[in-house]
Amino acid sequence: MSVRLLHNFYNRDVLELAPDLLGKKIIRSINGEVFEYFITEVEAYRGEEDRACHASKGRTKRTEAMYLEGGHIYMYLIYGMYWMFNIVAGTEGIPQAILIRSLKDFRGPGRLSRELRLDKSFYGESLVTSKRIWLENGIEVCDIKKGRRIGIDYAGEIWKKKEWRFFI
DNA sequence: AGCAAGATCGGT
DNA sequence: CCGATCTTGCTG
């Protein structure tokens with residue numbers, strides 16, 4: 001049987017948590033119906049010094065959720081039409097988040113949020129206590145691959161070279 | 001108050 | 001390659 005992942009799972013450095021998310025199950029409850037998805041690709045964004053991270057602009061209304069304790073959700077709208085689903089990592093006060101980039105049957109962060117029906121109303125919600133979305137243990141994964149993060153050419157040489165995208 | 005850009009996607 | 005579409009942070 002599977003149980004919900006709790007604070008001790010999320011309260012780790014984003015670079016440790018990100019690869020560990022691969023193979024985990026996202027449980028989404030919509031109108032009493034429960035759906036399961038497996039995480040297959042993620043990207044880590046780490047602290048105010050990471051110029052690819054939205055928190056590099058500092059603590060603003062938009063980035064506030066990233067400063068919460070690990071296990072919260074950071075949502076944001078991109079290009080005026082796609083919601084990005086991010087899981088906050090680490091301890092309170094240190095901005096770290098992981099973009100969920102692909103699921104087993106759904107590729108692309110915008111498409112998966114549409115499939116899971118995730119939007120602004122999930123901003124700041126806790127995966128530890130929410131009744132409509134949480135994580136459980138899934139399958140053991142081996143042979144985790146990594147590469148550069150996508151779509152962050154603006155971040156400058158040292159940050160765009162970081163291999164902080166993990167996938168299977 | 002106005003503006004440019006964006007952790008994307010789908011169609012040419 | 002390009003347009004859609006709108007929030008955000010920066011500038012003045």
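A salt bridge here is a side-chain nitrogen of Lys or Arg within 4 Å of a carboxyl oxygen of Asp or Glu. Keep that cut-off in mind for what follows. The model is predicted, and the structure holds 15 salt bridges. I will go through a few of them.

Start with lysine 25 and glutamate 36. Their side chains meet at 3.7 Å, N to O, so the pair counts as a salt bridge under the 4 Å limit. Lysine 25 sits in strand β1, residues 25-30, while glutamate 36 belongs to strand β2, residues 33-46. The pair therefore ties together parts that are 11 residues apart in sequence. As for accessibility, lysine 25 is buried, with a relative accessible area of 12%. Glutamate 36 is partly exposed, at 47%.

Which side chain does lysine 24 meet in a salt bridge? That of aspartate 20, with 3.6 Å from N to O. Aspartate 20, at 29%, is partly exposed.

This pair also belongs to a network. Salt bridges link Arg12, Glu16, Asp20 and Lys24.

The last one for today is arginine 59 with glutamate 64. The closest N and O atoms of this salt bridge are 3.0 Å apart. Glutamate 64 counts as partly exposed, because its relative accessibility is 33%.

To recap: lysine 25 and glutamate 36 bridge strands β1 and β2, aspartate 20 and lysine 24 are part of a four-residue network with Arg12 and Glu16, and glutamate 64 pairs with arginine 59.

Methods: Residues numbered from 1 in each chain as written. Chains lettered and ligands numbered in written order. Predicted model: local features only at pLDDT ≥ 70, side-chain atom pairs only at ≥ 80, totals over all residues. Heavy atoms only, no water. Buried < 20%, exposed > 50% of the residue type's maximum accessible area, 1.4 Å probe, protein only. Helix = DSSP H or I, 4+ residues; strand = E, 2+ residues; numbered from the N terminus.
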